Amino acid sequence: MFVPAESLAEPLHQLLAQKNFVVSWSQSASEFIDWVVTNRHRIDCLIVQSSEEAIQALTELKRRDILLPTLAVLPVDSADFEDVSAAAYHAAVTSVGINDLDGVNDAIRRTVDHYLQLPTDEVAEDAIAANNGDEELDKRLFLLSLQQQRLTEKLQERLGYLGVYYKRNRQNFLRHMSVKERDEFLDKLRQDYRHMILNYFANDGSINQKIDDFVNVAFFADMSVPQIVEIHMELIDDFSKQLQLEGRSDEILADYRLTLIDVIAHLCEMYRRSIPRDD
């Protein structure tokens, strides 16, 4: 937290402490930058007071490829800070008014949500504008992705699947895909499910990981359980027709209901635990 004004820092610190946040408070830009550089892997969200010093500090962090969720506390006369700080740092910088600090908890959640959806296109544009080469661009994209992944993992550890929930982008939901994107997505999902079916009863130590990967893809696309059942039934129907053509019984296919049950159980648990708690 970079809040030079003690009159603002003290009540903000107390408010965050009541919400069970662990807060580090810096009063100078140099102290803030040094602390962020040293502790960047432990930070969930930066909170900065609207000021030119804060913009300069964020610019320096960006120069070092340290991009983190950032919430700007805006005084009444600093309505333009959000746009300026976004340009200086990244487009996911959010703000909360100094008179709305009671809502800081929700503001932090919103900040994390926006950061985890931060497009890599912005990083690419910055690198191109700075005339950086492909190697530098790849580095910046990788570092952003790595920082997002670390934060998501921390949220998972702390809040279960709620951390993953923050990272979902509605634009990637199945219902928002174009017809072509939807067809390609479902074709790939059917192939993955077919591979799981064929290996479910085999001595394959990676089957649990394959199920987790499949469920993660379905979860991020906001797929429903009936859609998963439909994929299963289509595949089992194809297998049944093939066995009948070969003159073999299809009774064995009933056993693969266990695969469907396993997948549905994983998916339902993700949806259940992704619902934000009221407490």
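Trainee: Where does D222 lie?

Mentor: D222 is in the loop between α10 and α11. Helices here are DSSP runs of H or I with at least four residues, strands are runs of E with at least two, and both are numbered from the N terminus. This is a predicted model, in which local features need pLDDT of at least 70, side-chain atom pairs count only at pLDDT 80 or more, and totals for chains, interfaces and linings use all residues. Residues are numbered from 1 along each chain as its sequence is written, and side-chain values use heavy atoms, leaving out hydrogens and water.

Trainee: Why is D222 called partly exposed?

Mentor: Buried means under 20% relative accessible area, exposed means over 50%, and partly exposed is in between (1.4 Å probe, protein chains only). D222 has 22%, so it is partly exposed.

Trainee: What makes the phi of D222 worth a remark?

Mentor: Most residues other than glycine have a negative phi. D222 is not a glycine, yet its phi is positive, about 55°. D65 is also not a glycine, and its phi is positive, near 60°. D65 follows α3 and sits in the loop between α3 and β2 (70-74).

Trainee: Is D65 buried or exposed, and how do you know?

Mentor: The relative accessible area of D65 is 10%, so D65 is buried.

Trainee: How do you know that the span of helix α3 agrees with its number of residues?

Mentor: The expected span is 1.5 Å times one less than the number of residues. Helix α3 (residues 52-63) has 12 residues and should span 16 Å; its end C-alpha atoms are 16 Å apart, so the two agree.

Trainee: Why does K62 count as buried?

Mentor: K62 has 14% relative accessibility, so it counts as buried. K62 is in helix α3, where the buried residues include A54, I55, A57 and L58. The K62 side chain also reaches the backbone oxygen of Y89 at 3.4 Å.

Trainee: What makes α2 roughly parallel to α3?

Mentor: Axes are lines fitted to C-alpha atoms, for helices over the stretch in contact, and angles run from 0 to 180 degrees between N-to-C directions. The axes of helix α2 (residues 29-39) and α3 come within 10 Å and cross at roughly 30°. Under 35 degrees counts as roughly parallel, over 145 as roughly antiparallel, 65 to 115 as roughly perpendicular and the rest as oblique. α2 is therefore roughly parallel to α3.

Trainee: Why is the pair of Y193 and F214 called tilted?

Mentor: Rings of Phe, Tyr and Trp (its six-membered ring) pair if their centres lie within 6.5 Å; planes under 30 degrees apart are stacked, over 60 edge-to-face, and the rest tilted. That rule gives four aromatic pairs. For Y193 and F214 the centres are 5.4 Å apart and the planes are at 55°, so the pair is tilted. Y193 lies in helix α9 (residues 179-199) and F214 in helix α10 (residues 207-220), so the pair ties together parts 21 residues apart in sequence. Both Y193 and F214 are buried.

Trainee: What makes the pair of F219 and Y271 tilted?

Mentor: Their ring centres are 5.2 Å apart and their planes are at 50°, so this pair is tilted. F219 is in helix α10 and Y271 in helix α12 (residues 257-274), 52 residues apart, and the pair links these distant parts of the chain. F219 has 0% relative accessibility and so counts as buried. Ring pairs also link F219, F220 and Y271 into a cluster.

Definitions and conventions:
Polar contact = N/O pair within 3.5 Å; in protein donor to acceptor, adjacent residues only side chain to side chain.
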